[in-house]
Amino acid sequence: MAFMDSIIQKCTTLSHIKQVQAHLLTTGQFNLRISPSRTRLLEHCALSPSPAYLPYAAHIHRHIPHPSTNDFNALLRGLARGPHPTHALTFLSTILHPDALTFSFSLIASARALALSETSQIHSHLLRRGCHADILLGTTLIDAYAKCGDLDSAQRVFDEIPLRDVAAWNALIAGLAQGSKSSEALALFNRMRAEGEKINEISVLGALAACSQLGALRAGEGVHACVRKMDLDINVQVCNAVIDMYAKCGFADKGFRVFSTMTCGKSVVTWNTMIMAFAMHGDGCRALELFEEMGKTQVEMDSVTYLAVLCACNHAGLVEEGVRLFDEMVGRGVNRNVKHYGSVVDLLGRAGRLGEAYRIINSMPIVPDVVLWQSLLGACKTYGNVEMAEMASRKLVEMGSNSCGDFVLLSNVYAARERWEDVGRVREAMKSRDVRKVPGFSYIEVEGVIHKFVNGDQSHPDWREIYAKLDEIRFRIKAFGYVAETSLVLHDIGEEDKENALCHHSEKLAVAFGLISTSEGTPIRVNKNLRICGDCHVVIKLISKIYDQEIIVRDRARFHRFKDGSCSCRDYW
C-alpha cells in the first residue's frame, strides 16, 4: 500500500497515470469494491493543477464497476476545487451513500459557486442526518452561507454549533466584513478575543477589512497592536492589509510607516497597495516616486501597478505624466485593460481635454464599457459641454445602462444652463424606466459609535443641536464671502429653498455633529457613499479654517483632507 502510494505520488504525466491504472486492472485491484490504491490514484488526478487531469479522473471513475464512497469523494473534492464548482453539485446527486466528507466538499463547491439554494439543501440533509453539530461541517456551512450573502443563516449556524474552532470564527468574521455588516464583524472579533479563542492571521485579516470599510481608525489601531503583539507582522498579507486599513481610514502616512519597516519582504501587492494609498489621498508626487523606486527592485510591475499610478496622476491632475505612463505600458509588455483606458479618459476629461478623451475611446482595441462613457459624461458636466454630454448619454442608453448617475449628470448639465424643460424630460425618462436615485448618506465614528446621516436627516437624537450648529456655520462662513452653489440643486425652485437644500446635505450634518461631539483638536473623519458635492467641498474648507479643525472626508472615489481652509485634493477631483 505504502509502495503504491509512493508510485502514484511520483506520477507527473498522464502516461504515468495510465500505467498505474493498467497495473491496478491487471492485478485485480481496480475492480475491488474498496480499493485504497484506486482511490488514491483518483485523488491524485482530481487534485492535480494540470487541466487535463480532472477530466481523466472523471473518466477513471466512470469505469469503476462499484465505486466506493471514498472514490466518489476523491472526484467530488477535485470538482469542488476545479474551474466549474457547479459540476460538483451536479455530481453530488449521483452519490448513494454520502458521508461527512461528501457534504464538506459539496459545501466548498457551493461556496465557490455562490449557490445559496444548494447550500440550504445540503444544510437540510445535515439536519436530517444529525450531522449539523460536526465542527468541520459547521465551519464549511458558515463559510458557504457567508459567501453566498446569507449572513443571517451563517450567524444562526455559528450560534447553534456547540463547539467552534478558529476556522468557524474566521469564516463568520470574514463573511460579515465582506458583506454589509462590518460593525458586527469587529464585534465578533472582539468577542473572539474576550472568550480566549486563539486568533490567527485569517482572524486579523477579516477584522482589518471591516476597519477599512468603516474607516474605523481606533479599532484598526487596536487590531494592528494585536498583530504586533502576536508577531503576525511577519506575514506579508497581514502587513498589506494593515497598510490598506490605515490608508482607507485617512492616514496614508501611517500606512507608509508600516510599509517602510516591513521585515517580511514586499510583494507586488504591497507596492501596489501603497501606491494606491497615495493615489486615494491625492499625493500624486509620492505615488510617482514610489513607482520609480519599485522599478529599481526585483519586484515586477503588473497591470494593477500601472492602474494605481494612473489613478494617482488622475487624482492629482498630473496629466502629462499620466499620458506618458499610459503610452509606456505597451513598451513594458503590460497589457492595457478597460480600467487603464477609463483612468486616462477620466484624466483627460477632468483636465478639459474632452476631444482627446473622446478620440481615445473611439480608438480603443477593446469595447468601451459603461464607466468610460460615464467618465466622459462627468467631464461634460464639469465643463458644460451639452452636445458631447447628450452624445455620451445616448451611448449609455444604447448600452443598456440604467444608472441613476447617468441621468443625474445629464440633468446637471441642463440645470447649469437653466434648461428646466430638458431637466424635466430627463426626470420623466427616469420615471418611465423606474430609475431611482441612490440616496446619499454619510457616517462618522465618535467614541467607537457609528452615526449615520442622510440628506435633511432629523432622526438623530441630537438633530436640534446639529441644525443649530449648521445655522451658526452658515452665518460665519458668509462673513468669509461664501455664496451657496445653488446651480447644483436640480429643482426649479427659489434661491432660498435651494440654499436650504444644500445646507442639509449628509456630509454637512456629519461634520456639524463632529464639531459638537468631539474635543477640540480631534480630527473629524467622515465617510460618504457618493462623491462629495461641490458646495459641501467649499463649505468644509471654510469650516476647517474658521474652527481651526482638521476634517477628513472619504467619498467613494478618494480622500479629502481639509485643513486651514485648503483641501489635499487642491480642488481637483
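Entry 1: I looked up the second largest pocket and found about 350 Å³ of space in it. A pocket here is an open set of points on a 1 Å grid over the protein atoms alone, where a 1.4 Å probe fits, with protein on both sides within 12 Å along at least five of seven lines. Its volume is the space filled by probe spheres set on the points, joined across faces, edges and corners.

I then checked the 25 lining residues (an atom within 4 Å of a point). Closest to the centre of this pocket are E445, V446, T522, P523 and R525. The elements α14 (217-229), β1 and β3 each give two or more residues to the lining.

**Entry 2: the ground rules.** I am reading a predicted model, where local features need pLDDT of at least 70, side-chain atom pairs count only at pLDDT 80 or more, and totals for chains, interfaces and linings use all residues. Residues are numbered from 1 along each chain as its sequence is written, and side-chain values use heavy atoms, without hydrogens and water.

**Entry 3: the sheet.** Next I followed β1 and β3 into an open sheet of six strands, ordered β2-β1-β3-β4-β5-β6 with mixed pairing. Strands are DSSP runs of E, at least two residues long, and helices are runs of H or I, at least four, numbered from the N terminus; two strands pair if DSSP finds at least two bridges between them. The edges are β2 (449-454) and β6 (566-567).

I traced β1 (441-446) to β2 through six antiparallel bridges, with I444 opposite H451. On β3 (524-528), V526 is the bridge partner of I444.
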